[in-house]
Amino acid sequence: LSYLQGAALSRAAVLGLVAMGVRDEGDLTNLVFWVQHPEAALRPLQPGETALAADWLRVRNSIVRPALNAKPGAGGHTGQGGGSSTPTTGGTTGADRPTGGGIGADRLGEYRDAEATAFRREVYAAQLERNHRMKKEFFPGLPAAELDTVEGAHRLHVDAAADARSLFTAARAELAAAIQAKDAEALKVTSIGIGSAYRDPEADFRAWQNAFNTHYNATASTRDALPDGPHGPAAVSLMVARMVVKKAVPGFSNHTKGLAIDFTTKQGKWTFGASSAQKKGWVRTWLYAWLTSNAGTYHFRPYAAEPWHWDHNG
């Protein structure tokens, strides 16, 4: 994000991210939009926020889509040399000691080798510092008295849990009716459930490390091709841009507030969970279509970057 800010949110900045392998239209639009509107970051826009919605469309139509459609080499940051567009990273220094609360990067252990260990800490520290710049507050988790169980061992905030139980009751009833009516998609569904719900900061810290490993692997070829290498400043920018959308640092997620559900469903031969690789398939599932039409009744709203993730209005 410092790369986007340094380039004044220009088309050239987005071209640079595209060149580094970030090509998801929604992710790129969110990254630029959130820097311009930090008050709206990491949350879905509400129905009455028409001005913000119009500006999101402006970013997509005038900045992101032209960058995605541009021919290679059509200007923009190339990753060559220095310049103010590329953030400087100085290893694990003061950024590891959060001033706005949270688990510091110094808590991260060894990862693969010394270079990869330092890289992971830099990415984490930059993501945490972003939350502090946006004045986000670290949330330490919920006491047991404010949690209730849903779908077996999963827990949510007591208010969200009651709505979630109602949601699952309705979803299964409508699925049964759709199966009885011989609905083609419903006939393929063999289960719906929860993959993850409440996570205290320590559990979310482990979840962040798992997500980092997934996206570290996914970006390997792109990072290897960068002029300053797979762990240089451009690689840090690439990973921060990706992780901001894919996984919050612990204590800054609705999972830690007990207000988020990662749904699962099995449809046909596929079991869908919290996987970026399944994003396109997720939006074609019976469950996703049902949630899109009905989850609002139970005070759950979608998170655009992850079709399996739904937040309670709280």
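Which residues have the most contacts inside the largest nonpolar core? I looked this up first.

**Basis.** I worked from a predicted model, in which local features need pLDDT of at least 70, side-chain atom pairs count only at pLDDT 80 or more, and totals for chains, interfaces and linings use all residues. Residues are numbered from 1 along each chain as its sequence is written, and side-chain values use heavy atoms, with hydrogens and water left out.

**Entry: cores.** I looked for nonpolar cores, that is, sets of buried Ala, Val, Leu, Ile, Met, Phe, Trp, Tyr and Cys residues joined through side-chain atoms within 4.5 Å. Buried here means under 20% relative accessible area, with a 1.4 Å probe and protein chains only. The largest core has 48 residues, and Leu28, Phe119, Val123, Tyr124, Trp208 and Phe212 have the most contacts inside it. At least two residues of this core come from each of helix 2 (11–19), helix 3, helix 4, helix 5 (114–133), helix 7 (201–218) and helix 9 (233–246). I took helices (H or I, at least four residues) and strands (E, at least two) as DSSP runs, numbered from the N terminus. Helix 9 gives the largest share of this core, 10 residues. Another core, of 30 residues, lies apart from it and includes Ala160, Ala161, Ala178 and Phe263.

**Entry: Leu28.** I listed its contacts (heavy atoms within 4.5 Å), not counting residues up to four places away in sequence. Leu28 touches Val14, Leu17, Val18, Val22, Arg23, Val64 and Leu68.

**Entry: Arg60.** I located Arg60 in helix 4 (residues 50–69). Is Arg60 buried or exposed? Arg60 counts as buried because its relative accessible area is 17%. Its side chain forms a polar contact of 2.9 Å with that of Asn61; such a contact is a pair of N or O atoms within 3.5 Å, where within protein one must be able to donate a hydrogen and the other to accept it, and residues adjacent in sequence count only if both atoms are side-chain atoms. Beyond its neighbours within four places in sequence, Arg60 is in contact with Glu25, Thr29, Arg65 and Pro66.

**Entry: Asn131.** I found Asn131 in helix 5. With a relative accessible area of 3%, Asn131 is buried. Residues up to four places away in sequence aside, Asn131 touches Lys136, Val249 and Phe252.

Note on methods
Buried means under 20% relative accessible area, exposed over 50%, partly exposed in between (1.4 Å probe, protein chains only).
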